Amino acid sequence: MSSLAGRLRRIFTAPPQAANKAPTEITPPPPGTTKTPAKTTASLPATSETPAKTTAPLPSTSKAPAKSIKRWSFNYSTPTEMVEQFKKFSDSNRFRSRAKLYEKAVLTLAIAEKFSSIEEILEHQKQYKEISTETFAVRLITLYGKAGMLEHAHKLFDEMPKLNCERTVMSFNALLSACVNSKKFDKIAGFFQELPASLGIVPNVVSHNIIVHAFCEMGSLDSAISVLDEMEKVGLEPDSITFNTLLYAFYQKGSYADGEKIWDLMKKKNVAPNVRSYNAKLGGLVSESRMSEAVELFDEMKTSGIKPDVFTLHFLMKGFCNAGNLEESKKWFGEIAKNELPPIRATYMIIIPFLVENGDFEMAADLCKVIFRRRWLIEPALLQQLVEGLVKESKIEEATELVELAKLKGKFQITLELPSSDVI
């Protein structure tokens, strides 16, 4: 552990390298799902993908069975009102069990840069009995990390004994993750070197996986691989999360050959590839426009008994869009619904412009209606281009319906140029 801590200090205190993003194991998004949409002059509703202004309505939270929680989800309009309602509903045991509501609220406030409000609602939680349970404290530490508030996460970790809350490797790992999520990589070395010995904590596989992730985030891929040797020295075996983190880093860097070496090492270690492993490899093939091999890999995946997820089909659809193959792109997009997989915004944001570019305005219009129902963001310029395409094909009724939906659902200001002088 000491040699790993030393390497951490050398790497994390060195001049920063170009970061090479490696998605987390829990929800590995394909490229493009976390990008912030370009600003437009249209009035867009505040969501988790655009910074929310103080006076703008905040997005609703996740669905929850309790009626009171549902009312909380839709009954606030400003950050201040949200904080007050959050504190009020925190008195409910049932509400405090809804971790997703906490995350949604914190991320919404973080995007709006209301960090004092985040501190207010999370510090408020210390009065409840759950604060003496490590899982609840870990939730708060994790949320501080996701908000980029590492100092607050560290402070809460230090306060846990006073709150009658035991600190184990679970909360230690939460603190390490907070460093990664808040991009404070320079703090990881000190925590990893000092805390285990002083607190009697033994870092586990999860601890080392977080270190691997940190190295990948910094673009220090050789150091990320070296963690495997350190794990072996302390009797730990890398798992699928370890390897999937490395696979995403290498394949997305554009070094497919190095990614293959990690794939072979994973098999040598008797770690079976799962859907995320295959998705990482698919992403690498798509990035190199090797679509025939990507389809072969998809077939291999199914033969191995691994069910594809929405990201699998997203990569294949994206690859054929990049290759200019309209029919194959539509085929793989259709597979998402055929497999009853939940759609993601990124998929629509790739195929809709491609459909418009290739003159399939009718399918593009149908997909835009889905966008409106889900209240996802879409570029007004793209909608305008689609409307004009429908008009040119004399599909005035479809164009009119799309404009009205855009105004109703998305509050877009879109003009519909008719063949006559009429403008809607």
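Rings of Phe, Tyr and Trp (its six-membered ring) pair if their centres lie within 6.5 Å; planes under 30 degrees apart count as stacked, over 60 as edge-to-face and the rest as tilted. In this predicted model, local features need pLDDT of at least 70 and side-chain atom pairs pLDDT 80 or more, while totals for chains, interfaces and linings use all residues. Residues are numbered from 1 along each chain as its sequence is written, and side-chain values use heavy atoms, without hydrogens and water.

**Aromatic pairs**

The structure holds 11 aromatic pairs. Two of them are tabulated here.

| Pair | Centre to centre | Angle between planes | Class |
|---|---|---|---|
| Tyr102 and Phe136 | 6.3 Å | 80° | edge-to-face |
| Tyr251 and Tyr256 | 5.1 Å | 45° | tilted |

Tyr102 lies in helix H5 (residues 99–111) and Phe136 in helix H7 (residues 134–146). Tyr102 and Phe136 are both buried, which means under 20% relative accessible area; exposed is over 50%, and partly exposed lies in between (1.4 Å probe, protein chains only). Tyr251 is buried at 1% relative accessibility. Tyr256 is buried too, at 9%.

**Cluster and charges**

Tyr102 and Phe136 also belong to one aromatic cluster with Phe86, Phe89 and Phe95. The charged end of Arg139 sits over the ring of Tyr102, 4.6 Å from its centre. Such a charge is NZ of Lys or CZ of Arg within 6 Å of the ring centre and within 35 degrees of the ring normal. Arg167 places its charged end over the ring of Phe157, 5.0 Å from the ring centre.

How values were computed
Helix = DSSP H or I, 4+ residues; strand = E, 2+ residues; numbered from the N terminus.
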